[in-house]
Amino acid sequence: MRRLIPVAIVIPLAAAAVAGQAPPGWQWQPIEGASATAFALRWRHGFDDDAPQECGAALAMAECRLARARRAVPERVQSGVQVADDATVAFVLARPADVAAAVRFCQVLLDDHAAVDDDLAAAAIARAALAADDADWLYPGPVLRGRARRTLLAGPAARGVAGSAAAVQALSPAHLRRLLRAPVAVEGVVVGAVDEAVRLAVAGLRLPTVPATPRPAWRLADHPLPTPVFAPHPRVDGPFVALAFAVPADADLAALAVGVEVARARAARDLPLRRGEAQARAPLVGWSWLHGDPVLMFCRRGANGEDPERPMAELDRLVADLVARAPTEAECDTAIRTLRAESGLGPGPPGLEAEALPGRAVALALAGLRRLHDADATAVTPAAAQRALAAVCAPDRAFRGGLLPLARRR
């Protein structure tokens, strides 16, 4: 049965839309010449909000919402979902003729009291469990990041990057439905072609509002760090090593973000990618301001048959250089431009291709949660970027570990 929205709610929202103002809970960014519109919805619930015995349920919930919407709105609109530590973001991309379908898609995404049958819930649980297992075992980069998190952090953040496969598998469809019905605040973003028809359509979408509660910052582990652990792994044919550091919650994150972009540029210049690094989801420098990562990780693949200490020494030299040598003005300027583009800060470039709109919508949704501002990035100086990296990359607080090929039988 069609759900009716009270007139008292529709009228002020529609008036705001016609006036060109975003309704409460919505942000929009019109882009001149855009040929499509991307909608993003951000729930204030991520992996860190899961109970310990349900670690990874946030992804099962996200997969369930997405599957429910795809079933209800079979029109050809592109959609997807991302789960971060403290948020879940779903997006849908529509050409002008499909805007009405995209709005219906968002309505279904938002209706967590809609019926969810056991088959749909079980499939969502299975997909989330597989993602958690892949992150903890299949791909070297996430495997090492999960081990670094468990070593460097305490509390909900000390876990695999996608939760626990065992915990997700233990969820029942009935329990997943109960989790979905828990009230969570949702906010929205619209990017791209935004005309009055889009504004009026958005005005009819009601976003749940839940009083904000203070979120505890991630905690650093207070135990002594272990000696480097290089463990055999059946999925690698050369050593993969990681050097990781916890990021204190009170760090200068804008300056660190610029410093990390400088680190990526130097790593790309001095440490050319080796075979398998991209497929392993093991970037040379891994950290995201947008995602609020609590761990900065450097990762390197060694040559086949190489001692793992050699790629680890490459990472040590990279970090030592970053700490000792401040970025030049040119490095800093390039880093800031890259960071602004990746974070969706500043106006969208005219004529942005449709395929790029979902990424920008997701970035804006996360930037809003973290209260990232263009001025914060552009104000970072080379000295500030160096200080931020030096404050995080303390050698005595580093995680060192790696994955090694299994010993071959002669």
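Contact here means heavy atoms within 4.5 Å. The model is predicted: local features need pLDDT of at least 70, side-chain atom pairs count only at pLDDT 80 or more, and totals for chains, interfaces and linings use all residues. Residues are numbered from 1 along each chain as its sequence is written, and side-chain values use heavy atoms, without hydrogens or water. Helices (H or I, at least four residues) and strands (E, at least two) are DSSP runs, numbered from the N terminus.

**The sheet**
- Five strands build an open, mixed sheet, ordered E1-E6-E2-E4-E3. Strands pair if DSSP finds at least two bridges between them.
- Strands E1 (26-30) and E3 (78-83) are the edges; each has a single partner strand, so one side of each lacks a neighbour in the sheet.
- From one strand to the next, the twist averages 15°.
- E1 and E6 (residues 186-192) run parallel, joined by five bridges.
- Tryptophan 26 sits opposite glycine 188 of E6.

**Helices on the sheet**
- Angles run from 0 to 180 degrees between N-to-C directions; axes are lines fitted to C-alpha atoms, for helices over the stretch in contact.
- H3 (residues 99-110) lies across E2 (37-43), E3, E4 (88-94) and E6, at about 5° to E2.
- H8 (residues 196-203) lies across E1, E2 and E6, at about 170° to E1.

**The H9-H10 pair**
- H9 (residues 253-270) packs on H10 (residues 309-324) at about 135°, with axes 11 Å apart.
- The contact uses Val262, Ala263, Arg266 and Ala267 of H9, and Leu318, Asp321 and Leu322 of H10.
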